[in-house]
Amino acid sequence: MTGETFRIGFLPLVDAALPILAHELGFAAREGVAIELVRDMTWATVRDRLLYGHTDAAHLIAPLAIATALGRDRPAVSLAVPFVLGLNGNAVTFSSALAIEVGLGETLGDPAAVGAALKRVAAARKAAGNPLRFGVVHRYSSHNYMLRYWLAGVGIQPDADVEIVVTSPPFAADALAAGEVDGICVGEPWNSIAVDRGAGHIALATAQIWRRGVEKVLAVRSDVVETRRSAVEALVRALHAAAARFVEPGTAEESADILARREYLDAPREAILRAITDRIRLVPGGAPVHYPDFMFQYREAANFPWRSQAAWLYSQLVRWDHLAFSPADAATASAVFRPDIYRAALAGSGAPLPGASSKLEGGLAEPIGAGSTQGRLMLGSDRFFDHRAFDPDDIPGYLSELP
Amino acid sequence: MARAMRIAIIDTSTTRAAIISDGLREAGLDDLVVIDPAGPLVAQIEAAQPEVVLVNLENPGRDLLEDFFAMSRALARPIAMFVDQSDAEATGAAIDAGVSAYVVDGLSKQRIKPVIDLAVRRFQAFSRLQRELDEAKSALAERATIDRAKAILMKRRGIDEPAAYALLRGQAMRSSRRIAEIAEAILTSEALMGDGA
């Protein structure tokens, strides 16, 4: 093999696990690539290092990859996503005061019911001239889109009834504890850290808003993919092997030990372990609640970059940036996700390879067998909490029906 | 002649911010606002109304800042671009040096480039200074360690200082380690096994 090195940028989050484990457990070496991890504290820095060649790849929030390819707020740079690092794994955490006002229980509530209670509090706070304020990790983050999707779906207008501000993941728990925000939508372990500090109560897992929501991706510059195609494919295989290992029973302790280290998350091992094992402590001092598929890193070809996922993110970018739908932009956004690279990398392995590159998102109520060109592919329920489905071929129709 | 260009400097290091503003002033760019890193970021920027914002790459406020720029563009004031893509080499140098910049849309490249170039040079000068300072600090710390190890040897073995130093040096040479490492080992073993006297 080539013996090539990939410098990969990341933020201290549990879903940075796959590149970290691919490096630490030898999956990268087995594929003939070396990984060097570059830790940062803001998504802006991770993106800039990627764009200007400080890093070769990045653990990135998926909407930021799309916004970058579309040239939102800066000159466009073509990015490629050959691999999805995971689905969901985020949560919405309320301050203790808001949790009491909304009446959060000891278990995860129904998103519609929690939303209805939140709507009353939001209206009262707005009327009092002190609107509720939520922190999300970046303007172009799935956190922002998931939170807004939920709020709008329960009748709270995100841009009018509440305030949404940005707080990078490592500072989200601090912002909640300091009373700067009433709630945060962030990845783990930062929700759990907020709970363990007594600063908040977890209200919802984002998996309750969209059961199979696309989360972090591996982003690579398109020109790097062109010049280092075989090495990129080797990296995809290494990450896929790391994902298989990550979900294997009995490996969670070891993964948590590695991720907790100073050079990676530098965070409490117990909080990380709870996230990996889908056991979430919702209230300070409470017993962890098991919520299956809180994080979703491997099964159902979870790492396959569906173009329809990119299209959904584009639809939300149009929605919340108040843009007009553009067929050309939709095509550019969808083309950021590169199922062709994923397939080429994993052809001949045991990995199930979907036959299609795009699907109806949110259309499955029950698990179902799906068409595959290799392996046997099952897809589980992927519902949105409001049971709407997204057809990537009719984005304008979808947008016109959203609240 | 174009009017003065207002530049805001946001840096977690106040020393580096001072070094950069000095440099810009020397170059005749004296419409400067240094943002207090401990104060509210967005409110200060809003009040300053800069055309160019220089910010250290690893500043923890960058995601927040970008959101603010995007929002203010949605309102009235377009300030949201990273340095021009057509000058990838200069931008790469900026990232290497740890500089990030935002400029008002439409500001000409000829006017921005000298600012960025100067910031890069000042950032590099700052890193060099810091490296030298770190080296000086660690050299000082090493000397203190060696002095303490010598004192232990003098007391334990009843020898004088030159003899104690010769002992350290001889051991370092035999084991191909640095004298400071040998001294460190002596301090550690003294802490574990010494009689505390």
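Predicted model: local features only at pLDDT ≥ 70, side-chain atom pairs only at ≥ 80, totals over all residues.
**Entry 1: helix α1 of chain A**

I looked up how enclosed α1(A) is. I used the cut-off of 20 or more other C-beta atoms within 10 Å for a buried residue. I listed the buried residues: Ala17(A), Leu18(A), Pro19(A), Ile20(A), Leu21(A), Ala22(A), His23(A) and Glu24(A). Charged Glu24(A) is on that list.

Next I asked what covers the buried residues of α1(A). The cover includes three strands of chain A, namely β1 (4-10), β2 (33-39) and β3 (57-61). It also includes the helices α2 (27-30), α11 (229-247) and α12 (252-260) of chain A. I then checked what comes after the helix. Gly26(A) follows α1(A), and its phi is positive, near 85°.

**Entry 2: the sheet of chain A**

I traced the strand order next. Chain A has an open sheet of 5 strands, ordered β2-β1-β3-β11-β4, and the pairing is mixed. Which strands stand at the edges? They are β2 and β4 (79-84) of chain A; each has a single partner strand, so one side of each is left without a neighbour in the sheet.

β3(A) and β11(A), residues 216-221, run antiparallel and are joined by 4 bridges. Across this pair, Leu60(A) stands opposite Val217(A) of β11(A). Helix α3(A), residues 43-51, packs on the sheet. It touches β1, β2, β3 and β11 of chain A. The direction of α3(A) makes about 145° with that of β3(A).

**Entry 3: where chain B meets chain A**

I counted the contacts between the chains. On the chain B side 18 residues take part, and they are in contact with 21 residues of chain A. Three elements of chain B each supply at least two residues to its side: α3 (62-75), β4 (79-81) and α4 (88-97). Which element gives the most? It is α3(B), with 7 residues. By type, the chain B side divides into 9 nonpolar, 4 polar and 5 charged residues.

**Entry 4: the domains of chain B**

Last, I looked up the domain assignment of chain B. It gives domain 1 as 7-131 and domain 2 as 136-193. How far apart do the C-alpha centres of these domains of chain B lie? I noted 47 Å between domain 1 and domain 2.

Conventions
Residues numbered from 1 in each chain as written. Chains lettered and ligands numbered in written order. Domains from an automatic or database assignment. Buried ≥ 20, exposed ≤ 12 C-beta atoms within 10 Å, placed from the backbone. Contact = placed C-beta atoms within 7 Å. Pairing = 2+ DSSP bridges. Axes fitted to C-alpha atoms, helices over the stretch in contact; angles between N-to-C directions.
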